[in-house]
Amino acid sequence: MFSRTFGCVRLVWNRTLAERHAAHHQRGERTSYRRTDAVLTGWKRTAGLAFLSEVSSVPLQQTLRHQHTAFASFFAGRARYPRFKSRNARQSAHYTRSAFRMKDGALHVAKTNGPLPFAWSFGGVDIATLNPTMVVISRRPGRPLVRDVRGRHRLARTA
């Protein structure tokens, strides 16, 4: 279900990274988040990348924000230069509150076909009281995972 989203997130990261790399190394320019967001909008309007509109825009925009932060950390000397993403590595999509809701023990994510039932992997927590600001859906080889970023609580998606 999330394979297309993971692929789109990776594509946006890698294409944006390639453009930022060219701007920095060839022209000595830094690229703002605003600029990358405008480029993403342009990509969605092209025939070759129109499929980017089929997934929720929130994970794609979050990818741009993460990359902007990665470059800010690099230029500040706190991190290495950002790397390209591989399809063989961990895949993830970050959803902010505007793109998901938790209701009746199910996770509803934007542009999915229905609720995603999940099993909470920690005891002593009432799922009805959770109010996360972000949910990260990720896939490691053979195992999907949903995580609340604020508390690092892990939920395992059920079949």
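## Close-up views of a predicted model

**Figure 1. The buried residues of helix 2 are Y33, T36, V39, L40 and W43.** These five residues span an arc of only 120° around the axis, which puts them on the same side of helix 2. Why does that kind of spacing work in a helix? An α-helix has 3.6 residues a turn, so residues three or four places apart point the same way. As for dimensions, helix 2 runs over residues 33–44, so count 12 residues, with 17 Å from the first C-alpha to the last. That is close to the 16 Å expected at 1.5 Å a residue. Keep in mind for this and every other view that the model is predicted.

**Figure 2. The whole protein chain, for orientation, has three helices and seven strands.** Following the sequence, you go through the pattern α-α-α-β-β-β-β-β-β-β. Of the 159 residues in the protein chain, 37% are buried. Take the contacts with a separation of 6 or more: 67% of them join residues 24 or more positions apart. The protein chain exposes about 9,400 Å², and carbon and sulfur atoms supply 50% of that area.

**Figure 3. Here helix 1 packs against helix 3, with axes that come within 9 Å.** The axes of the two helices cross at roughly 35°, and helix 1 passes helix 3 in a right-handed crossing. Which residues of helix 1 make the contact? On the helix 1 side they are T5, C8, V9, V12, W13, T16, L17, R20 and H24. Helix 3 brings P59, L60, T63, L64, H66, Q67, H68, A70, F71 and F75 to the contact.

**Figure 4. Helix 2 also packs on helix 3, at an angle of about 145°.** The axes of helix 2 and helix 3 are 10 Å apart, and helix 2 passes helix 3 in a right-handed crossing. From helix 2, the contact uses Y33, T36, D37, L40 and K44. Their partners on helix 3 are S57, L60, Q61, L64, R65 and H68. Look for Y33, T36 and L40 again here, since they are among the buried residues of helix 2 from the opening view.

**Figure 5. This view takes in helix 3 and what lies over its buried residues.** Helix 3 has 19 residues and reaches 27 Å from its first C-alpha to its last, close to the 27 Å expected at 1.5 Å a residue. Its buried residues are V58, P59, L60, Q62, T63, L64, Q67, F71 and S73. What covers them? The cover includes helix 1, helix 2, strand 1 and strand 5 (134–140).

Figure 6. Is Q62 buried or exposed? Q62 has a relative accessible area of 8%, under the 20% cut-off, so Q62 counts as buried. Leaving out residues up to four places away in sequence, Q62 touches H94, T96 and M134. A70 is partly exposed, with a relative accessible area of 21%. Apart from its neighbours within four places in sequence, A70 is in contact with W13 and P82. The C-alpha atoms of A70 and R80 are separated by 8.4 Å, and the two residues are 10 residues apart along the chain.

**Figure 7. A99 sits in the loop between strand 1 (91–96) and strand 2 (100–103).** A loop residue it may be, but A99 is buried, with a relative accessible area of 4%. Which residues does A99 touch, not counting residues up to four places away in sequence? They are S56, V58, H108, V109 and A110. A99 and S57 are 42 residues apart along the chain, and their C-alpha atoms are separated by 8.7 Å.

**Figure 8. K111 has a positive phi of about 60° although it is not a glycine.** Where is K111? You'll find K111 in the loop between strand 3 (106–109) and strand 4 (116–120). K111 is exposed, with a relative accessible area of 56%.

How values were computed:
Residues numbered from 1 in each chain as written. Predicted model: local features only at pLDDT ≥ 70, side-chain atom pairs only at ≥ 80, totals over all residues. Heavy atoms only, no water. Helix = DSSP H or I, 4+ residues; strand = E, 2+ residues; numbered from the N terminus. Expected span 1.5 Å × (residues − 1). Buried < 20%, exposed > 50% of the residue type's maximum accessible area, 1.4 Å probe, protein only. Arc of directions from axis to C-beta. Contact = heavy atoms within 4.5 Å. Areas by Shrake-Rupley, 256 points an atom, 1.4 Å probe, with all protein chains shown as cover. Axes fitted to C-alpha atoms, helices over the stretch in contact; angles between N-to-C directions. Left-handed = near helix turned anticlockwise from the far one by under 90°.
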